[in-house]
Amino acid sequence: MPRVSIEGTAKSFEVKTEDIIYNALSDQGEELPHGCLAGSCGACRVEIMKGKENLLPPSLIEQNTIDAVRLELKIDSTREMRLSCRAKVLGDVTLKPLK
Ligand code: FES
């Protein structure tokens with residue numbers, strides 16, 4: 001089963017393939033920062049430190065929100081940003097919540 005780990009901590013969670021990151025961690029007691037849980041506010045943004053290839057590609061709504069957040073916060077496009085309330089896991093991933 002895939003694992004989702006949080007950078008800089010010892011926290012690591014086993015999840016099911018195609019689980020949504022936020023939901024899978026919340027079910028195990030780990031509340032990541034969030035807002036709408038619908039892919040539109042960007043409050044759940046995370047940087048993927050390892051395993052970006054182990055996520056399904058972003059949906060249109062996720063990509064649009066990521067693009068807006070990148071512009072607003074001036075986040076370099078070389079940094080892999082995803083929304084934890086939308087991103088689905090296929091394999092091991094390490095992430096860091098973004099302020
Ligand atoms: S919580 Fe609003 S986009 Fe994820």
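Reply: A term is needed before the strands are described: two strands count as paired if DSSP finds at least two bridges between them. The model is a predicted one, and what follows describes that prediction.

By this rule β3 and β4 are paired, with 3 bridges in the antiparallel sense. Strand β3 covers residues 45–50 and β4 covers residues 81–83. One place to look is R45, whose bridge partner in β4 is L83.

β3 also pairs with β5, again antiparallel, over 4 bridges. Here I48 has L95 of β5 as its bridge partner, and K50 stands opposite T94 in β5.

From β5, the sheet can be followed to β1. Strand β5 (residues 93–97) and strand β1 (residues 3–6) are joined by 3 bridges and run parallel. In this pairing I6 is opposite L95 in β5.

S5 has S12 in β2 as its bridge partner. The two strands make a hairpin with 5 residues between them, and G8 in the turn has a positive phi of about 80°.

Put together, the 5 strands form an open sheet in the order β2-β1-β5-β3-β4, with mixed pairing. The edges are β2 and β4, each of which pairs on one side only. From one strand to the next, the twist averages 35°.

Next comes what packs around the strands. In a regular strand, side chains alternate between the two faces of the sheet. The largest nonpolar core has 18 residues, and V4, I21, V89 and V93 have the most contacts inside it. The elements giving two or more residues to this core are α1 (21–26), β3, β4 and β5. Of these, α1 gives the most, with 4 residues.

Leaving aside neighbours within four places in sequence, V93 is in contact with V4, I48, K50, G51, N54 and L55. Among these, V4 is also one of the residues with the most contacts in the core.

α2 lies across β3 and β4, and runs at about 125° to β4. It spans residues 60–73, which makes 14 residues, and reaches 20 Å from its first C-alpha to its last, close to the 20 Å expected at 1.5 Å a residue.

Which residues of α2 are buried? They are E62, T65 and I66. Seen down the axis of α2, these buried residues fall within an arc of 105°, so they line one face of the helix. An α-helix has 3.6 residues a turn, so residues three or four places apart point the same way. β4 is included in what covers the buried residues of α2. On the face turned away from the buried side, α2 carries the exposed residues L60 and L71. Just after the helix, K74 takes a positive phi of about 55°.

To return to the sheet, β4 is one of its edge strands, it pairs with β3 in the antiparallel sense, and α2 lies across both β3 and β4.

Methods:
Residues are numbered from 1 along each chain as its sequence is written. This is a predicted model: local features need pLDDT of at least 70, side-chain atom pairs count only at pLDDT 80 or more; totals for chains, interfaces and linings use all residues. A nonpolar core is a set of buried Ala, Val, Leu, Ile, Met, Phe, Trp, Tyr and Cys residues joined through C-beta atoms within 7 Å. A residue is buried if 20 or more other C-beta atoms lie within 10 Å of its own, exposed if 12 or fewer, and partly exposed in between; C-beta atoms are placed from the backbone. Two residues are in contact if their C-beta atoms, placed from the backbone, lie within 7 Å. The expected span of a helix is 1.5 Å times one less than its number of residues. The arc is that of the directions from the helix axis to the C-beta atoms. Axes are lines fitted to C-alpha atoms, for helices over the stretch in contact, and angles run from 0 to 180 degrees between N-to-C directions.
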